[in-house]
Amino acid sequence: RGARGMADAEERKRAGGEGESSSEYETDDEEVEVVTQELKKGAYERELSEPDEEDVDDSERDAVKGKKQSFIARTFSKQGSANNGGLMKSLSRSLSKSSQSMSRGLSKSGLVRSLSRASFNEAESEEIQAAAAAAAAKSEAYKALSSKKAQTYSAPTFLFAPHGMSPAMDLLAIFHNGIRQELKNAYHLLSVMERMFATLTHEEIDLFFDYWEVLWVHTEDFFEAEEKVLWPAIEKRVRVEHPRLQHQVRGKQKAKLVLFHEDLQRDMHDKYSLMPASEALKSVRYEINKAVSSLLDYFMIMEKEVPPLMQDKFTGKEILATEKEVLQYMLTNGRCVWANAYIPVRWQSDSAQYQELIARHYPKLKMLDFKRWQKTFEKQHESILKSLTALSKNTLMSSHAGATGGQAEMVPQFYLEKARRKAAGLGSDSEVEDGEGGY
């Protein structure tokens, strides 16, 4: 039995040597090698000293088992305490190398990001500077254009028909001059809005259109009163020779002016509201210029042709009666009664003649109605003229140092000369700027 145990021990020793070699090759770890040698040594000694299984009772077997476990525990504890420092150093060196390589990688990537960020910031800075320069140039251009607009007169000069020369001329003058005064105010508002230019809004254009609508409705009411009262009275006694005053011709011309206003109303909501305010104002003025040119041509032809014809065929009382009938028709059948009552008389700047007009058409019983219509006119119509003018002056005073709000309201001398030439028949019959076309 002893010989057999020694032979088994040799085999296990050879097997342990192979295991040792394999273990060192695979792990190259000193701690594992030491533990393996101790285990082999303990196993060999135990083989020599242990009896056979049949000769050992249970109590001895338990004692041997306890010794074996305590020996393994002491061996691992000893080797662990002896080699713990080396293991920690190895781990520390490995972690240190990993940290250094990671730091180098992060440093390189951080440098790349820093350079990229610097390049981006530089490009962005150049773009911002270019945009600022363009905005400044555009701002200067807007200021120059706005300053030019603020000092440019852009409204026509309206020549009023003489009043007080003859009853026939007076009949036309009170209605034509009333409309001319409203047109003059409307062009004043257009000039006001053009001076605002860069600060103009669609709300201000809508406010102008409220003023314009009252003016044009009054004009259409006068057209209707003409065709119902004035022209039937004239054509009963006088043969009208002028081609543009023939019934069909003047009817077509007035129909075009009525359609103009309908188209303007539609475009104000459907087209001009989608455009920049300054561009919308330019388009609105272009359309208004064509209509006003046609209207004033018609007025001037009437003022040249009709008074001589009526003066020969009508008495003064008959002409005055016709004048009253025309105004009464507008008060009874017009769409804007308060405007129809006040516009034909408010244009008169002479106090004595103004009072004469009031007394002629509004006797004592109608004076209360006239006062009420006058207040309505001032509240709903004339207030627009005042508010837009005040807004324009405030805008100019705040935007242009040294600019005066009334500069554009001064009428240049060449406008007056041009208007006098037209009145004398030396130029176009139109009082509006040339080249705008007409209806």
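Axes here are lines fitted to C-alpha atoms, for helices over the stretch in contact, and the angle between two of them runs from 0 to 180 degrees between N-to-C directions. The legends below describe close-up views of a predicted model.

**View 1. Helix 8 packs against helix 9 at an angle of about 155 degrees.** The axes of these two helices lie 7 Å apart, and because angles over 145 degrees count as roughly antiparallel, helix 8 and helix 9 are described as roughly antiparallel to each other. The crossing of helix 8 past helix 9 is left-handed. On the side of helix 8 the contact is made by Leu-327, Met-330 and Leu-331, while helix 9 contributes Val-337, Asn-340, Ala-341 and Pro-344. Sorted by class, this contact has six nonpolar residues, one polar residue and no charged residues.

**View 2. Helix 9 is mostly covered.** Nine of the ten residues in helix 9 are buried. The buried residues include Trp-338, Tyr-342 and Ile-343, and also Asn-340 and Arg-346. Asn-340 also takes part in the contact between helix 9 and helix 8, as do Ala-341 and Pro-344, and these three residues are likewise among the buried ones of helix 9.

View 3. The C-alpha atoms of Phe-175 and Leu-327 are separated by 8.7 Å, although the two residues are 152 places apart along the chain. Leu-327 and Met-330 on helix 8, together with Pro-344 on helix 9, also belong to the contact between those two helices.

**View 4. Helix 4 and helix 7 cross at roughly 165 degrees.** Helix 4 spans residues 167-196 and helix 7 spans residues 277-313, and their axes come within 10 Å. The crossing angle makes helix 4 roughly antiparallel to helix 7, and the crossing is left-handed. By class, the contact has 21 nonpolar, four polar and four charged residues.

**View 5. The largest nonpolar core contains 78 residues.** Within this core, Leu-183, Phe-208, Trp-212, Leu-264 and Ile-288 touch the most other members. Several helices each supply at least two residues of the core, including helix 4, helix 5, helix 7 and helix 9, and the largest share, 16 residues, comes from helix 5. Apart from residues up to four places away in sequence, Trp-212 touches Leu-183, Ala-186, Phe-260, His-261, Leu-264, Ile-288 and Val-292.

**View 6. His-261 of helix 6 is a buried residue.** The relative accessible area of His-261 is 4%, and the cut-off for buried is under 20%. When residues up to four places away in sequence are not counted, His-261 touches Phe-209, Trp-212, Glu-213, Trp-216 and Glu-220.

**View 7. Leu-320 of helix 8 is partly exposed.** Its relative accessible area is 31%. In sequence, Leu-320 and Arg-360 are 40 residues apart, and in space they are 9.4 Å apart, taken from C-alpha to C-alpha.

Methods. Residues numbered from 1 in each chain as written. Predicted model: local features only at pLDDT ≥ 70, side-chain atom pairs only at ≥ 80, totals over all residues. Heavy atoms only, no water. Helix = DSSP H or I, 4+ residues; strand = E, 2+ residues; numbered from the N terminus. Parallel < 35°, antiparallel > 145°, perpendicular 65-115°, else oblique. Left-handed = near helix turned anticlockwise from the far one by under 90°. Nonpolar A, V, L, I, M, F, W, Y, C, P; charged D, E, K, R; others polar. Core = buried A, V, L, I, M, F, W, Y, C linked by side-chain atoms within 4.5 Å. Buried < 20%, exposed > 50% of the residue type's maximum accessible area, 1.4 Å probe, protein only. Contact = heavy atoms within 4.5 Å.
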